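Welcome! Please take a moment to look over the protein and its ligand before reading on.

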Amino acid sequence: MGFEQAWLSYEKREVSVQWAGIHMIYAEQKGRIIEHAATELQTAFAKITGKEPVLCLERPEKELNGCILLKQKNGLKEGGYHLFEREGALVIEAPDEGGLLYGAFELIKQLQLGNAYEGMDICKEPVMPLRMLNHWDNMDGSIERGYSGNSFFFDNDEILVDERIVTYARLLASVGINGTVINNVNVKDAATWLITDRYFEKLRQLSEILADYGIKLFLSLNYAAPVELGELDSADPLSEEVRAWWKERMKLVFTQVPNLGGFLIKADSEGRPGPFTYGRTHADGANMLAEAVEPYGGLIIWRCFVYNCKQDWRDYKTDRARSGYDNFKELDGTFRDNVILQIKNGPMDFQVREPVHPLFGALEATNQMLEVQIAQEYTGQQRHVCYLIPMFKEVLSFRTYAAETDDTVEDIVSGKTFKQTKCGMAAVANTGNDENWTGHDLAAANFYGFGRLAFEPSAQAEELAEEWIIRTFGEDKAVREVLLFILMNSWRAYEMYNAPLGIGWMVNPSYHYGPSVDGYEYDRWGTYHRADHVGIGVDRSHQGTGYAGLYREPNASMYDNPESCPDELLLFFHHMPYDHRLRSGKTVIQHIYDTHFEGVELVDEMVKRFEGLEGKLPDKAYQRMLERFHHQKEHSREWRDQINSYFYRKSGIADEKGRKIF
Ligand code: GCV
């Protein structure tokens, strides 16, 4: 299938005389990444300004006006760059090749945004060391929770290496992403064989393309590989035989695929194998693998998404939200230095609203990474628009109180709080082989925004959205204003017509799409709302599951008390009567009715404004989005009516405003 270039389409635009005057690009040092930085600049300038600058092999003698100079120079941290104008030349200085590439993309961004050339002076360093995508692509070509077509990495149990991978690598590098895991964390069947010679050659080719853009290839690993590959009858992490097997295997893998960064592991989770089978801990499992990859500089990224998925809904004490903390807190400080624990943003599973995961701030002596999901599994599956960067900003700015200062989630995963260097942020990817990469064209703003945010978390959600709009669709003012309005209101709108006040999970089981209030209520997954005729919510206070107490003070007390618990999370932490007055002054039930009516009205407004863009956007993109907006309009009504009717029927309390409820 063909593919578009997203924000790297480099459409021709009106530019100032100075920008148009760029005629030469010179890189002082040579190298595979520098070479790509220079050719990317050449292509971008040629297409945008209409004049192709020459790539110069010799340093220009004096006339530097109109030149771009790339120069390796120490002083900034890895991946950092300084881009400035000097006597008419544009200079990019960076300590390494990756920094030069990021500087080149910064320069292209400045050109696309039409910013001033003269006096340009931008100096940036990546805040998070690891900025990764996690693909949940299966080797048969399907994608778990994929909403934009099939995989472009795999088909029919083969690895695809083609032009699309090059564009993929360029897109990643252009926003600062420096690592990618290409296969699903649920490693089964052929994927278990990725660490065998069946796939080495293709993996090596793929990793080389990525390395050209400063990106490390990672793989998800099957913890039980020694058994499932038929070589051993145990995967016990303390068995000498098993340990020796992994050492040998890793030697082979890293010799054949030298650019490999390491492995991501989902163990003892949702039916996947792990060390629990042998009565061992997650630290035993992770450390065994870490020891095996250590000689090659490899990393083991171990997920904390571990919980009992065979729960009894009648059991009010077991709390899935506690499980990550309960499984990993006591292991703090016992992991090897090349292990990173990867923690989802919330304790449940990427709901539209969750509190921040309590492991952040609890682990002090363990490398850790934040995992978010830009694949919109629970947030509209790339059929509804839901720009998630405002949510990620809230997560990153959450104070954990693990220290007196510098204690936010951002501080922790950027290594500031506990002085760590192996940390960062990963996003479950939202790409597939659809022509536009992300199904909904506006979902690409999450792809773009995630990378930019991991590199520069101080960037504002609105600023990133605006950049993405201009880079993708050009400078038209109406396009910018309307798309910005839509993106910036989209998460709020989705939350309004979704499950109320932080409770989550009112979706059709398995698919996780569309309303089903009791869909997960009498199930085994630990995901309940506990609604009856009097009230709704899960008691996670000290009288309930005790979950609120897992946070440090003052967060623990704040969440424990319904009076101080933020409204938007009230039902996550407390079981409340429908007539309880929120801090907003509304009752719980009236809040449910109001937000569901207003959420739909907001969608209507978004769609109305969008329709005004006909003729101003590329036709194909307009039509693709229009179709999705019409669906969202209908589907948000379905959400509104099912949720409102359910709670009206349960509570018997009428809407104060007398609107139609079924
Ligand atoms: C890859 C949720 C999803 C699963 C996913 C899992 C995980 O449960 O629904 O599809 O599996 O999270 O993060 O491992």
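Here is a short tour of the confidence, the ligand and the cysteines.

This is a predicted model, in which local features need pLDDT of at least 70 and side-chain atom pairs count only at pLDDT 80 or more, while totals for chains, interfaces and linings use all residues. Residues are numbered from 1 along each chain as its sequence is written, and side-chain values use heavy atoms, leaving out hydrogens and water.

The protein has an average pLDDT (the predictor's confidence in each residue, from 0 to 100) of 97, and 100% of the residues reach at least 70.

Let us turn to the ligand. The table gives polar contacts, pairs of N or O atoms within 3.5 Å.

| Side chain | Ligand atom | Distance |
|---|---|---|
| E144 | oxygen | 2.5 Å |
| R145 | oxygen | 2.9 Å |
| E270 | oxygen | 2.8 Å |

On its own the ligand has 340 Å² of accessible area (Shrake-Rupley method, 1.4 Å probe), and the protein covers 96% of that.

Finally, the cysteines. The count of disulfides (pairs of cysteine sulfur atoms within 2.5 Å) is 0. The closest cysteine sulfur to that of C423 is in C304, 14 Å away, so this is too far for a bond. C423 is also buried (under 20% relative accessible area, with a 1.4 Å probe and protein chains only), at 0% relative accessibility. C386 is buried too, with a relative accessible area of 2%.

How values were computed
Buried means under 20% relative accessible area, exposed over 50%, partly exposed in between (1.4 Å probe, protein chains only). A polar contact is a pair of N or O atoms within 3.5 Å; within protein, one must be able to donate a hydrogen and the other to accept it, and residues adjacent in sequence count only if both atoms are side-chain atoms.
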